[in-house]
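Here's a quick briefing to read alongside the model. Have the sequence and the 3D view open as you go.

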Amino acid sequence: MPTTYEPIATTTLNSSASSISFSSIPSTYTDLKLIFVPLSAAGGNFYIRFNSDTGNNYTYSYITYLDGGYAGSTGTATSLISGSPGLTNGLNGTYPNLYDININSYTNTSIYKNCLFSFYEQHGLGGTSASGGYVIGNWASTDAITSIQLEADWDSGTTATLYGIKKA
Amino acid sequence: MPSTYSLIASATPTTGTSVSFTSIPDTYTDLVLKISARSNYTSGYITTLYVGFNNNSSNLFSYLGMYALGGTLGLLSGAGGNGAGDLYMPTENSNITSNLFGSAEIYISNYKASTYKQFSSNYCVENNNTANYYALGTTSSAFGSTSTVSSIEVYLGDGNFVSGSSLYLYGIKNS
């Protein structure tokens with residue numbers, strides 16, 4: 001049986017950085033999965049772009065939970081996909097977060113590209129200061145995705161691994 | 001290229017309130033636990049299932065989750081003395097369809113890291129009858145320990161595992 005789940009590249013930060021990029025993504029897979037474990041003492045949000053496109057070609061919708069409540073919204077055209085939308089505590093420095101980002105049919109030049117991701121942020125013991133949710137993002141481009149940018153104030157120790165998944 | 005997504009161990013309990021995976025090798029980057037389970041508890045439609053590491057009972061676990069349960073949205077949160085990742089599995093209550101099992105995936109990232117451990121739970125139960133009883137949800141959890149995760153314990157909140165339950169532990173390598 002052929003291997004259908006392969007690591008493409010891994011980044012582990014040895015110092016702080018404002019962007020993590022995966023470039024020259026091979027076109028030999030069907031889908032992509034990005035497992036992202038960020039550390040960020042600065043907190044706040046982070047952003048995803050494809051092919052370094054900074055135009056207003058993205059939309060996203062989400063449902064999130066944060067301590068005592070929920071949030072949900074649909075987005076209008078913007079220049080990025082928000083990684084932790086609707087949250088006030090977002091990333092945190094003490095506890096690493098976990099993001100599971102799935103990008104389907106990334107080489108299909110007939111369709112706009114969707115990404116679906118879930119995220120988990122448990123910031124303290126006792127069930128407080130935690131959040132999570134689901135985000136669906138769309139990049140209105142028929143270009144194949146050849147690079148991914150993750151933008152925020154990342155700390156040393158942040159890791160990101162991009163996997164390729166083949167249908168056969 | 002070596003296999004990236006490999007089965008480490010499996011369990012098919014027919015009774016008992018917990019399942020343990022011990023001596024987890026340290027040769028992977030992340031761990032994934034796939035669960036299909038049902039409890040013989042009869043006093044409620046569902047029961048919780050939660051996950052602990054390293055047999056730790058020092059109140060280092062915490063969780064917050066969002067769920068839809070029988071058509072109602074809710075949050076669950078708390079601190080677990082010996083586990084977190086709380087999710088719902090079906091029981092053998094008379095209103096629950098026979099042979100119905102819940103499905104769950106638990107992802108444990110960087111299980112060897114010297115940081116605290118973040119892990120996720122996603123799960124669903126669909127009763128598939130006119131009672132319209134279902135549950136689905138997602139939970140964020142943390143294990144406030146810098147120790148490598150070398151064992152995983154899975155606990156039922158009520159009752160015992162029934163025959164047909166299965167748990168598969170996979171390791172994922174990033175190179």
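**Two chains built from strands**

Strand S5 (residues 61-69) of chain B pairs with S10(B) in the antiparallel sense over 9 bridges; strands count as paired if DSSP finds at least two bridges between them. This is a predicted model, where local features need pLDDT of at least 70, side-chain atom pairs count only at pLDDT 80 or more, and totals for chains, interfaces and linings use all residues. Residues are numbered from 1 along each chain as its sequence is written, while chains are lettered from A and ligands numbered from 1 in the order in which they are written.

- S10(B), which runs over residues 134-143, is mostly covered, with 8 of its 10 residues buried (buried means 20 or more other C-beta atoms within 10 Å of the residue's own, exposed means 12 or fewer, partly exposed is in between, and C-beta atoms are placed from the backbone).

**Tyr134(B)**

- Tyr134(B) sits in strand S10 of chain B, and it counts as partly exposed because 19 other C-beta atoms lie within 10 Å.
- Setting aside neighbours within four places in sequence, Tyr134(B) is in contact with Gly70(B), Val125(B), Glu126(B) and Asn127(B) (a contact means C-beta atoms, placed from the backbone, within 7 Å).
- Ile46(B) is 88 residues away from Tyr134(B) along the chain, yet their C-alpha atoms are separated by 9.3 Å.

**Chain B overall**

- Chain B has 0 helices and 12 strands (both are DSSP runs numbered from the N terminus: H or I and at least four residues for helices, E and at least two for strands).
- The radius of gyration of chain B is 16 Å, which agrees with the value near 16 Å for a compact globule of 175 residues (taken over C-alpha atoms, the rule being 2.2 Å times the number of residues to the power 0.38).
- The C-alpha trace of chain B spans about 50 × 30 × 25 Å along its principal axes.
- Of the 175 residues in chain B, 46% are buried.
- For contacts in chain B between residues at least 6 apart in sequence, 76% join residues at least 24 apart.

**Chain A overall**

- Chain A also comes to 0 helices and 12 strands.
- Buried residues account for 42% of the 168 residues in chain A.
- Take the contacts in chain A with a separation of 6 or more, and 74% of them are between residues 24 or more positions apart.
- One open sheet in chain A has 4 strands in the order S2-S11-S4-S7, with antiparallel pairing. Its edge strands are S2 (17-22) and S7 (81-82), each pairing on one side only.
- S2(A) and strand S11 (residues 148-154) of chain A pair over 5 antiparallel bridges, and Ser21(A) has Gln149(A) as its bridge partner in S11(A).

**Where the chains meet**

- The contact takes 28 residues from chain A and 32 residues from chain B.
- On the chain A side, strands S1 (5-12), S3 (31-37), S8 (98-103), S9 (113-122), S10 (130-139) and S12 (159-165) each supply at least two residues.
- That side of chain A has 12 nonpolar, 13 polar and 3 charged residues (Ala, Val, Leu, Ile, Met, Phe, Trp, Tyr, Cys and Pro count as nonpolar, Asp, Glu, Lys and Arg as charged, and the others, Gly among them, as polar).

Technical notes
Two residues are in contact if their C-beta atoms, placed from the backbone, lie within 7 Å.
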